[in-house]
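This report describes a few features of one protein model for a reader who has not seen it before.

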Amino acid sequence: MSRRDGTPDESSSWRDPFAVAPPLDPAVLARLASELYAAVPAATSANASPTAPLPEPQWSAPVLPAAAPAAATPAGTGYYFLDEALAPARVASPPWSEAPRLEAREPLPEIVPDLGLAPGHFDVLTVRRDFPILEERVHGRPVVWLDNAATTQKPRSVIERLARFYAHENSNIHRAAHALAARATNAYEAARDKVRRFLNASSPREIVFVRGATEAINLVAQSWGRRQLVAGDEIVITWLEHHSNIVPWQQLATEKGARLRIAPIDDDGQVLLEQYEQLLGPRTQLVALTHVSNALGSVTPVREMVAMAHRHGARVLVDGAQAVAHLPVDVQSLDADFYAFSGHKVFGPTGIGVLYGKADLLDAMPPWQGGGNMIADVTFERTVYQAAPARFEAGTGNIADAVGLGAALDYLAGVGLENVARHEHALLVHATDALRGVPGLRLIGTAREKAGVLSFVLDGFRPEDVGAALDREGIAVRAGHHCAQPALRRFGLESTVRPSLALYNNCDDIDALVAALGRLVAVRQESRNAKLG
């Protein structure tokens, strides 16, 4: 077999990791494969091919072409796995084709209030009809979903794509000689390429499927961090971070004897760039920062912060969980070393997420979990790992939900993130003005560059009580610390009420929220007046 760098490894020959006996001679295997293929009825059309994916009437899932076989490989069998088995030199080859490197586009805008985009068609009523759950009733009232920073609802196309996968394509992937495995593999790898295009990554090799942003951050900490950090090194984060971008670095710093340093924010929830840069130095190995704060909605100046960190030789991980559903993201333009997000925050299923990593970094990182799928060869003496991203996808992955995530990104592409950003900004302006008119309400987080998060406290009410009162009127918001306790404590708070916006929200949702809050305040005032009277 070959090593990762492509040079021959003379110490061992390729072995089937599932076989007890030595592998068959290639000529014998070719004969068996030929007999097997001969027993399969010939396809009468392209659609009848045993490896062809089912047609997708409303979205496209490109079938990734197989790599060209080696010169000595016999004629194709019609089964991609058997064709691979007949070419031992390709054992460690990834199951997708390398995408051509893309030239970085012009820098995409990051500031919601000043996108400078040409007007585009966006019909929120049409969009709302795409989301079946918005027709639900809660406590006898139409649901008003304003808890999007916690999770987003799913369009019908995603729901149907999941059902279709389980009805027509369900199989384990990459390692099987049958039609459903090929369909599932094609769908899974097509989803990877959709993510690549969504983030403008250079190659699908830079896209690792994980369970969510939390697992992506932990993967970097346990793989890159454990290998890279030594005692005395420093990790820089900000006061805005979600617990998922704090705890893994605390754990790593404790284990390695490293130091965690915190970039401060001002009273509006904006990172103080001058103080941030002062924290950077020769011992800084990593900067980990959020793109959009889940608790305050602040949009951080990621491009500038990445550039500052790189000038000091540090790597940068960006937590994009709250950004990808609201702002165009171009990882090449940002120059982020790692970028993480969760599928369920971007209208996809739960249990699936993405780690983007620059290819050279991923290739230099050791696997953090061992098992099937991430190996090229296993003996009792040693294991040879696949190249990235397969080396980080041990075991059976979340195949169907990766396909569902691809469908969600297709949906967003159809709507247009520029249109989404413009629509949500208009809602944010309307909501900010309306909420400021509620007596006793104080907004927390008033950064100039802000996404659709509206944390607030209401005088005389616990946030949890406000959340419960709104729920009785069918309005879903989050009330609590939002897994961002340091950020809230910066403002002297333990919890807030947090309405958060998405592309299917409209002014009626905002007006319903404000009216319910007004009634809550009015009832309290009437109660006070009754006691005084």
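Helix H6 (residues 213-228) packs against helix H7 (residues 247-256) at an angle of about 20°, and their axes are 9 Å apart. H6 and H7 are therefore roughly parallel to each other, a term for angles under 35 degrees, while 65 to 115 counts as roughly perpendicular, over 145 as roughly antiparallel and the rest as oblique. H6 passes H7 in a right-handed crossing. On the H6 side the contact (heavy atoms within 4.5 Å) is made by Ile217, Asn218, Val220, Ala221, Gly225 and Arg226, and on the H7 side by Pro248, Trp249, Gln251, Leu252, Glu255 and Lys256.

This is a predicted model, in which local features need pLDDT of at least 70 and side-chain atom pairs count only at pLDDT 80 or more, whereas totals for chains, interfaces and linings use all residues. Residues are numbered from 1 along each chain as its sequence is written, and side-chain values use heavy atoms, with hydrogens and water left out. Helices (H or I, at least four residues) and strands (E, at least two) are DSSP runs numbered from the N terminus.

A second pair is formed by helix H5 (residues 179-199) and helix H12 (residues 399-415), whose axes come within 8 Å and cross at roughly 40°. That angle makes H5 oblique to H12. H5 passes H12 in a left-handed crossing. Ala184, Ala187, Tyr188, Ala191, Lys194, Val195 and Phe198 of H5 meet Ile399, Ala402, Val403, Leu405, Gly406, Leu409, Asp410 and Leu412 of H12.

The table gives residue classes, with Ala, Val, Leu, Ile, Met, Phe, Trp, Tyr, Cys and Pro as nonpolar, Asp, Glu, Lys and Arg as charged, and the others, Gly among them, as polar.

| Contact of H5 with H12 | twelve residues | one residue | two residues |

A cavity is a set of points on a 1 Å grid where a 1.4 Å probe fits but cannot get out, and lining residues have an atom within 4 Å of a point. The count comes to six cavities of 30 Å³ or more. The second largest cavity holds about 60 Å³ of space, and its lining includes Asn148, Thr152, His326, Lys345 and Leu501.

Two backbone details remain. The peptide bond from Ala388 to Pro389 is cis, with omega near 5°. Pro389 is found in the loop between strand S12 (383-385) and H12. His139, in the loop between strand S1 (137-138) and strand S2 (141-142), has a positive phi near 55°.

Terms used: Axes are lines fitted to C-alpha atoms, for helices over the stretch in contact, and angles run from 0 to 180 degrees between N-to-C directions. A crossing is left-handed if the near helix is turned anticlockwise from the far one by less than a right angle, and right-handed if clockwise. On a 1 Å grid over the protein atoms alone, a cavity is a set of points where a 1.4 Å probe fits but cannot get out, and a pocket is an open set with protein on both sides within 12 Å along at least five of seven lines; lining residues have an atom within 4 Å of a point. Grid points are joined across faces, edges and corners, and a volume is the space filled by probe spheres set on the points.
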